[in-house]
Amino acid sequence: MNESQGSKAIVWLLLMTATVVLTWGLSEQGLSLRIATVATVLIAAWKVRLVLLKFMELERAPWGLRGLFEGWVVLAVGAILIPYLLT
Amino acid sequence: MSKAIAEHRRVPGLEGFWVFIAGDMTLFALLFGAFMAERRDTPTLFEHGRQALNPNIGGLNTLVLLTSSWLVVNCLIAVRRGQARAGLNWLTGAIACGVAFLCSKVLEYSRELGDGHSVFSSDFFMFYFILTGIHLFHVVVGCVVMSFFWAKIRNKSISGRNGLAGLECMGIYWHMVDLLWIMLFPLLYLLR
């Protein structure tokens, strides 16, 4: 496995681990509901960012294009967490 | 001068394709907001609906799509290096994962419909079926497009900058399908 494939494999492992933690781990930690939910959404956002930068190769894209999609992550998190925290 | 060389940045795929990707993702972000706004009005009803879903299936589907995305990345690496056979193998795996997600989702829908849930049964399920249904349509299109590129790689007709750019666009589209599910899954199945 060459260096590029190796680094992408590490990204995949991180994504898979985060998914397991998020799906089956957080609920077992005795965290308050709100903290667990906020953590869940933030971990999901981190995963999205990894896919954008490492799989969609925005990491080496022009800053404007990269900034647009990093902005989408902020938009999506805001659209979910702001109403949630106001509920 | 060395800094300019080190800072070389390129647009993956085709520039115009990113306009489509941005538009599609913005639509979903708006739907996320609409879901959350509706949930604010009837949180108990939404929680009731959420509890009828199976997060184990949702979590497994997430693992399947993540793996599919990774396999597409490996396909692209292989094709860029001129390793068409390896690229074909990676892409076969990616398509298989896409089909597995599709089958899983159909079985899940069957169970939910059998339990009496539908687009008309509650606002939660209206959002659930519409959001996951639109996403599932994207999965179907993605599997068809990946199959098209599978044939192109097999026929050795991916060549030059334009050919590779098309393959990159295929990958970008599929990663978008993946990342949309990464947000959809916790939104629908886990948010309490």
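## A walk through chains A and B

Start with helix H2 of chain A. At 1.5 Å a residue, its 23 residues should span 33 Å, and its end C-alpha atoms are 32 Å apart, which agrees. The expected span here is 1.5 Å times one less than the number of residues in the helix. Helices are DSSP runs of H or I with at least four residues, strands are runs of E with at least two, and both are numbered from the N terminus. After H2(A) comes Glu57(A), whose phi is positive, near 60°.

This is a predicted model, in which local features need pLDDT of at least 70, side-chain atom pairs count only at pLDDT 80 or more, and totals for chains, interfaces and linings use all residues. Residues are numbered from 1 along each chain as its sequence is written, chains are lettered from A and ligands numbered from 1 in the order in which they are written, and side-chain values use heavy atoms, with hydrogens and water left out.

Now turn to chain B. It has seven helices and zero strands. Its pattern along the sequence is α-α-α-α-α-α-α. The C-alpha trace of chain B spans about 60 × 40 × 25 Å along its principal axes. Of its 192 residues, 52% count as buried. Buried means under 20% relative accessible area, exposed means over 50%, and partly exposed lies in between (1.4 Å probe, protein chains only). The accessible surface of chain B is about 8600 Å², with 65% of it belonging to carbon and sulfur atoms. Such areas come from the Shrake-Rupley method with a 1.4 Å probe; for residues, only the protein chains shown count as cover. Contact means heavy atoms within 4.5 Å. Take the contacts in chain B between residues at least 6 apart in sequence: 81% of them join residues at least 24 apart.

Next, the interior. In soluble globular proteins, nonpolar side chains tend to be buried together. A nonpolar core is a set of buried Ala, Val, Leu, Ile, Met, Phe, Trp, Tyr and Cys residues joined through side-chain atoms within 4.5 Å. The largest one here has 89 residues, and Trp72(A) and Leu91(B) have the most contacts inside it. Elements from both chains give two or more residues to this core, among them H1 and H3 of chain A and H2 and H4 of chain B. H7(B) gives the most, with 18 residues. What does Trp72(A) touch, leaving aside residues up to four places away in sequence? Its partners are Val48(A) in its own chain, and Met25(B), Thr26(B), Ala29(B), Phe32(B), Leu179(B), Leu180(B) and Met183(B) in chain B.

Charged pairs come next. Side chains of opposite charge can pair when their charged atoms come close. A salt bridge is a side-chain nitrogen of Lys or Arg within 4 Å of a carboxyl oxygen of Asp or Glu. The whole structure holds 10 of them over all chains. One joins Arg10(B) to Glu57(A), with the closest N and O atoms 4.0 Å apart. This pair crosses between chains: Arg10(B) sits in the loop between H1 and H2 of chain B, and Glu57(A) in the loop between H2 and H3 of chain A. Arg10(B) is partly exposed at 35% relative accessibility, while Glu57(A) is buried at 15%.

Glu168(B) and Arg80(B) form another salt bridge, at 2.5 Å from N to O. Glu168(B) lies in H7 of chain B and Arg80(B) in H4 of chain B, so the pair ties together parts that are 88 residues apart in sequence. Glu168(B) is buried at 6%; Arg80(B) is partly exposed at 34%. Asp115(B) and Arg111(B) also pair, at 3.6 Å. Asp115(B) is partly exposed at 49%, and Arg111(B) is partly exposed at 33%. Shared partners join Glu57(A), Arg10(B), Arg80(B) and Glu168(B) into one network of salt bridges.

Back to chain A. Arg66(A) lies in helix H3. Is Arg66(A) buried or exposed? It is buried, because its relative accessible area is 14%. Not counting residues up to four places away in sequence, Arg66(A) touches Arg49(A), Leu53(A), Leu58(A) and Glu59(A).

Ile10(A), Leu14(A) and Trp46(A) make a nonpolar patch of about 290 Å². Patches are made of residues with over 30% relative accessible area and no salt bridge; like charges are joined within 9 Å, and nonpolar side chains (Val, Leu, Ile, Met, Phe, Trp, Tyr) within 5 Å. Ile10(A) belongs to helix H1 of chain A. It is exposed, with a relative accessible area of 53%.
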